[in-house]
Amino acid sequence: MTTTHPSHSARRLFLRQAGAISALAGSGAPLLTGLLAAGSAQAALNPGQYGALVCVFLFGGNDAYNMVLPTDTASWNAYTATRNQAPDSIALLAPGTAPVPGAAAASPSRLGGVLPIAPANAQGRSFALHPLLTNLRTLFDTDRRLAIVPNIGPLVLPTTKVQYGQTSHPKPLSLFSHNDQQNTWMALGPEGTTRGWGGRIGDMIAAGNSRAVFTAISAAGNAVWLSGDNVRQYQVGNSGAIRIGADSNGRVYGSTAVATALNNVVANARGSHVFRADLASVAARSISAEETLRTALAPANQAPFGTPPTAGTYNPANDPLLRYLNPLTGVQATNSLAQQLQVVARLIEAGMRGATGVTRQVFFVSMGGFDTHDLQNRNQADLMARLNHALAYFDTTLGALNARNNVTTFTASDFGRTFTSNGDGTDHGWGSHHFVMGGAVRGGDLYGRFPALAFKNPNNNNFDGSADQLGNGALLPERSVDQLGATLGAWFGVGSSDLLQVFPNLARFDTSARNLGFMSA
Amino acid sequence: MLRALPPPARRLRRPHMFRLQRILSLLALVLATTAGQAQTPPDRPASTAEAQRFLLQATFGPAGDDAESLMKLGYGAWIDRQFGLPATSHRLTWEASDAAIRAITPAQGAGQNEVFDSFWKQALTGPDQLRQRLVFALSEIFVISGVDGAVGNEPRAMAAWLDMLGDKGTTTYRQLLESVSLHPMMGRYLSHLRNQKADPVTGRVPDQNYAREVMQLLSIGLVQLNPDGTPVMVNNRTVETYGPDDVAGLAKVFTGWSWDCPAAPNTSCFNNGTSGGVSDPDRQFKPMIPYPQFHSTEAKAFLGVTIPPQTTPDPRESLRVALNTLDAHPNTAPFISKALIQRFTVSNPSPAYVRAVAGVFINNGAGVRGDLKAVVKAILTHPEARTPANANSTGKLREPVLRLSAYLRAFPHISDTGRWRIGNTDSAANALGQTPLRSPSVFNFFRPGYVAPNTATAAAGLIAPEMQLLNETSAAGWVNYMRDNLSNGVGSFNGTVGTTVFNRRDLQRNWDFELELAVRPESLARFVTQRLLVNQYSEALKNDIAAQVASITVPTPLPDGSNLAAVTAAKRNRIFAALLLTMATPEFLTLK
């Protein structure tokens, strides 16, 4: 993997920020707090302290069965028996299995055994990560900044396997459907639900932000997770905000008057058609936000965010910090997720410096391609390699910014997948395992009971030996998205009564279970 | 339905046709009045502006004398004529590009970009506008995507996919659904190509991908619908159309299908499309064929239908029953009709509009179900599409591809290479944020039910699918992309091609006509706004644009011509300013 030199880059950044502090007296406070807290275990955010939540959405439904694996004998036997299917086995190999260099790219043999991890409480079992999650293993085992939340998914209320079979028992709508379950992860309801819990958390804390536009930011297109009652998503490009029309001299076709007129025509709806009002409103936000970010963001091509180009203009696609080792080709390649996290890191640095008028922010980044119905070995290996690289890049960058304790990053996805194999892939499931990463995360452990894995009934597609597995072995979630969000929200400074508003299903879970405990309290 | 009478036979001569049309419209009027229905709109646009507005819905934008031609023919005859025009094969265009590239650089060849170029060539210059516009619409409902490597690595087959949509999209829905289901690019994209029956010994199960999405996206949708497209509500809740068992049952149908292959059905053909070194060079687009030994013989139960266990595996019979079931499902007519309405005319059709179009889907008047040409005609000629409504919620957002096409048809360019090299326009920051056939997933660039959070549109209870592509980055990206397109031309840069030196972007326009107008800002602004905004703008906006144009000073030409370059440059800046300001407006970005 690629690393920066934290001490060097951090010092340089500090010197630059120190200049900014002297120029902007009051706004430097969050930065100083962050610096003072560096290196010590950080509890929940203090009022006024800078904080950010970052959602890494894995679009398509990640096969968590091959991301976090129980390796105790009973689990492993069920796993191997179920997933070792012709023509292309998707059963990863036991810990310690040596990779076979001549085997097909990204095949289990080529990857070698899964990577054992050492949770603080192993629940009487043993666990491992996908063979390509090398950095995440270090973050889990050594750095203790990575936690695992097993078997989580949308739930209306705690649900047993028997209750799942009862039509009267409330369940999330349109289970197994991509768009609806994406929407449910983000907004606790199917497509058409327009209030996301990231945005609703933003509503609760936006009072501390003088520039509301920068409360909820996506680097990955429109995401309902970021939309609250009042908070609206702002979309940033990977290289920062984009100025409408004008060149660096403020001109369009050589004319400042045309540049000004352009801003006026795009940002004003004549008449009262609702579509036009919305178009104008987005353009107006684009213009006003860019005016701030134009000067607020530190350059992408400087440490710790990126690498100065040896010649010519900076191109993030060529920045070695943002490139990962593609397991299919064996060569370095661009990593879109790292590029998104680069601009997020720049926004966090600006936020901590007080340059964007925010103390709390929620960010959304994403990767696609997780719908591995076929060619799963190749496709998921490549995705795991990118996730592994991008999260490590982000953690390293935040370390250099002394921002690890201020930022908590978590993964989310449409759903988990079936335990069964269709010959070279998996189908839509429900519950899944997810990561939470950050300096304030109580890393190195599993937060919640890891589900039991069983053998398929040969007469049907049921998994009678597990209370956690439904048809085709899809996981019945034991923890809800509401609990995950509430745990993050509590760290973020949202009060418990507000959390019950943001997460309407939360009240149906036992009080002791509403906080999953993976954040430092 | 008013289409109960057979269409006038082709051999009828014009005067008779006119008389018959008049009789028909009179009859229609009488029927409509007696039935108390909305008045059938006249078959002919009353003004050039009305004709242009229709063409913005039905084509890639009005060009040349399109409006005049439509006004002469009337809507119905124009639609019939359009569907009668011969199709131009995208695959053959792609192959010609491939040959042209190889002639100069043998090691290279055509790729995905040449598929998009063919799309644009046909969209911008093809006479069969309605068919190609329908192809684009269908490509956003029946989605495959070059973003996926399995599809993207087969550009020739992507071009063939466009041809298939144009060919089958003008037959019946049932035929289209079959061709979509058996197209190997769909088979790769939704992974039913090479899908095998369950193995009860090892526990392998069939791939459910296509079975699920063919129901959710290509036919019936998630919830039961009324004939007018509104959801059936029971106890104030929607009713799901299918569950996991239906998906598992239907998944068995889509087992045992793979490449067309000379040695089929041997196993090597099934797995690799080749056997003994022999394969079909067109297998990437020839319909998939059955491989009975890999087809499930179990009972296949879905949507209340059960295909009984087969003693001899019969993949074609299983498929026939499955597709018939989907075609005949009560949801299909309103589901597909509404999806197509949203692609052509309005984002929020009234239930009556959906019901009317779905009625034509169910029966085209001649007893044919799923006649897609009749469905398109019903969509385009319905009063809700034709009557320019002043409501503050009508119409739709123009998606990025249709904005660029409208500009390039209103202000025609030439292509230096003849290949219309617009290429990949994926980048939202620097281009359109949309390339035909490159949706991020099978769920298209935007969802038909997309509600944009925290918007006036959402507050009004309205859907705006195309708004899913709208954000602060894409809003700026569009303006900047067009700014550069205006001053530099559009598309890829051609350096030296063979022995010809171009050193400019592929699409170029001769601005001589506009240069004449440039000294009269008001005339220039009127010309540009009328062409691009049709009748959807205010006099004040036009005057504002004119004032901005006038603010760019054009030097007085010196008698010796020594400042000619400066004069021309200033005039060009005036033209570009007028066009850019117009295309940046919310007026241009919506189609009311």
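## Surface and charge

Chain B exposes about 22700 Å², and carbon and sulfur atoms supply 55% of that area. For chain A the accessible surface comes to about 17000 Å², with 53% belonging to carbon and sulfur atoms. Accessible areas come from the Shrake-Rupley method with a 1.4 Å probe, and for residues only the protein chains shown count as cover.

Chain B carries 58 positive and 48 negative side chains, the centres of the two sets lying 5 Å apart. In chain A, the mean positions of the 35 positive and 29 negative charges are 7 Å apart. Lys and Arg count as positive and Asp and Glu as negative, while His and the chain ends are not counted; the place of a charge is NZ of Lys, CZ of Arg, CG of Asp or CD of Glu.

## Basis of the values

This is a predicted model, in which local features need pLDDT of at least 70 and side-chain atom pairs count only at pLDDT 80 or more, whereas totals for chains, interfaces and linings use all residues. Residues are numbered from 1 along each chain as its sequence is written, chains are lettered from A and ligands numbered from 1 in the order in which they are written, and side-chain values use heavy atoms, leaving out hydrogens and water.

## Overall form of the chains

Chain A contains 14 helices and 13 strands; helices (H or I, at least four residues) and strands (E, at least two) are DSSP runs numbered from the N terminus. Its radius of gyration is 23 Å, close to the 24 Å that the globule rule gives for 521 residues, so chain A is as compact as a globular protein of that length. The radius is taken over C-alpha atoms, and the rule is 2.2 Å times the number of residues to the power 0.38. The C-alpha atoms of chain A fill a box of roughly 75 × 55 × 45 Å along the principal axes. Buried residues (under 20% relative accessible area, 1.4 Å probe, protein chains only) make up 61% of chain A.

Chain B has 27 helices and 13 strands. The radius of gyration of chain B is 26 Å, close to the 25 Å from the globule rule for 592 residues, so this chain too is as compact as a globular protein of its length. The C-alpha trace of chain B spans about 95 × 70 × 55 Å along its principal axes, and 56% of its residues are buried. Among contacts (heavy atoms within 4.5 Å) in chain B between residues at least 6 apart in sequence, 69% join residues at least 24 apart.

## Strand pairing

An open, mixed sheet of 8 strands in chain A has the order E7-E6-E10-E1-E11-E12-E5-E13. Its edge strands, E7 (233–235) and E13 (479–480), each pair on one side only. Two strands pair if DSSP finds at least two bridges between them. Within chain A, E5 (residues 146–153) and E12 (residues 432–437) are antiparallel over 5 bridges, and Ala147(A) has Val436(A) as its bridge partner in E12(A).

In chain B, strand E12 (residues 500–508) runs antiparallel to E10 (residues 414–415), joined by 2 bridges; Ser415(B) stands opposite Leu507(B). E12(B) is also antiparallel to E11 (residues 490–497), through 5 bridges, with Val497(B) opposite Thr500(B). The hairpin of E11(B) and E12(B) has 2 residues between the strands, and Gly498(B) takes a positive phi near 65 degrees there.

## A covered helix

Helix H7 (residues 178–187) of chain A has 10 of its 10 residues buried, among them Asp180(A), Trp185(A) and Met186(A). Leu188(A), which follows H7(A), has a positive phi near 60 degrees.

Methods
Buried means under 20% relative accessible area, exposed over 50%, partly exposed in between (1.4 Å probe, protein chains only).
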